Amino acid sequence: MNTKLKGPEDFKANSGWLHKFKSRHEIRELQIQGESLSADSSSAENFKQIFQLFVEKEGYSQDSVYNADESGLNWKALPRKSLASCQEHAARGFKVSKERVTIMTCANAAGTHKLPLLLIGKSKKPRCFKNIKNHHKTGKVLLLLENAPTHPSAEVLNLIDPDYKVMFFPPNVTSLIQPMDQRVIEKFKRMYRKQMLRRLLLNEGTEESVVAFSKLLNLKHCCYMAADAWDNLTEENLRNAWKKLWVASMELEAEEEITDLNNLDDFVDLFNKIPGFNDCNYDDAVDWLATDVNDLGYQILDSDEIISSLQNEESDDSSSDESMSTPKGPTSAAFETGLEWFEKQAECCPAQFRVKVLDN
């Protein structure tokens, strides 16, 4: 590794230096577990019983029990047969794009409260996340988390606030009983990709504009599309996701049919309306929607990938700062961004706001 990082030839690292190096760059040795292994039905059933007894004993209601789960999102990926994707593949020295972020969805069992999405990119302190408005739940809360190797222990988390209790699922039960994994994240990603196609439809209507769109798409656009996709999930979507875990939720209405999870006609129709997407069909929609289906939200990197991330760390931060720098004067894009932001604030009345904008 020292050679690859072009360090001094006589350099020798002791265990203490290595420990500090890993700590400084947040490098951990993780044992792969969870989704990569087969689902454990026995553990899932045992946990359901333990969970049921616990919530009854402690008096938790569906309003105060939450589940949070992370997943990776390939936020710039386009269908492989689209013109922009084909041109990217044909480019000299092409490498598969790894433009991904980690998103975390979190909502309560009643479906009445979903927290704003947590989104993590490559930059340590991206400017676009400054001054984010916090939303807190008061009172006694139970939070269920996946037993991922990147999470702190339950003992550590439970010391933070006495009103907040953290409980981990056992390994290898996520696909069976974890609520956010019961179509919630899947539908979120589909809605996100629909947002991408709809934005492409608002372009100038030429193949050149479609290619330019994919090149100019940035993390700020990703944040807006992700927020809109998350807003599109209903209380019923969230509430029905708990049926495999909590007996109390079985008393709810019959499971809502989420038709767009099985019907891809909407995507194919959008493909046919976008220049450069004419060769994309049903199979391409299936492949595109599955591009990050197995991304658990954390990455296991080999030595070469760790070295590459360290070498690019400084350039990533500086480019992020440059891209988010304040322009000398407000552009139309900046004004549109400001309108989008204000429209999402609690003090804004969307109907009156749109009328005033149109009048002006």
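Which residue is the bridge partner of Leu145 in β5? In this predicted model, that partner is Phe168. Strand β5 covers residues 164–168 and runs parallel to β4, to which it is joined by 5 bridges.

Strand β1 (residues 65–73) is parallel to β4, and the pairing extends over 4 bridges. Within this pairing, Asn67 lies opposite Leu144 of β4. Of the 5 residues in β4, 4 are buried, so the strand is largely enclosed by the rest of the structure.

The largest nonpolar core contains 56 residues. The members that touch the most others are Phe51, Val65, Leu142, Leu144, Tyr192, Leu197 and Phe277. Helix α6, which spans residues 184–201, supplies the largest share of this core, with 8 residues.

For Tyr192, contacts beyond four places in sequence were listed separately. With those neighbours left aside, Tyr192 is in contact with Leu73, Trp75, Cys222, Met225, Ala226 and Ala229.

Asp295 is located in the loop that lies between α11 (282–289) and α12 (303–323). The relative accessible area of Asp295 is 17%. Because buried means under 20% relative accessible area, Asp295 is classed as buried. When neighbours within four places in sequence are left aside, the contacts of Asp295 are with Ser71, Gly72 and Arg100.

Definitions and conventions:
Residues are numbered from 1 along each chain as its sequence is written. This is a predicted model: local features need pLDDT of at least 70, side-chain atom pairs count only at pLDDT 80 or more; totals for chains, interfaces and linings use all residues. Side-chain values use heavy atoms; hydrogens and water are left out. A nonpolar core is a set of buried Ala, Val, Leu, Ile, Met, Phe, Trp, Tyr and Cys residues joined through side-chain atoms within 4.5 Å. Buried means under 20% relative accessible area, exposed over 50%, partly exposed in between (1.4 Å probe, protein chains only). Helices (H or I, at least four residues) and strands (E, at least two) are DSSP runs, numbered from the N terminus. Contact means heavy atoms within 4.5 Å. Two strands pair if DSSP finds at least two bridges between them.
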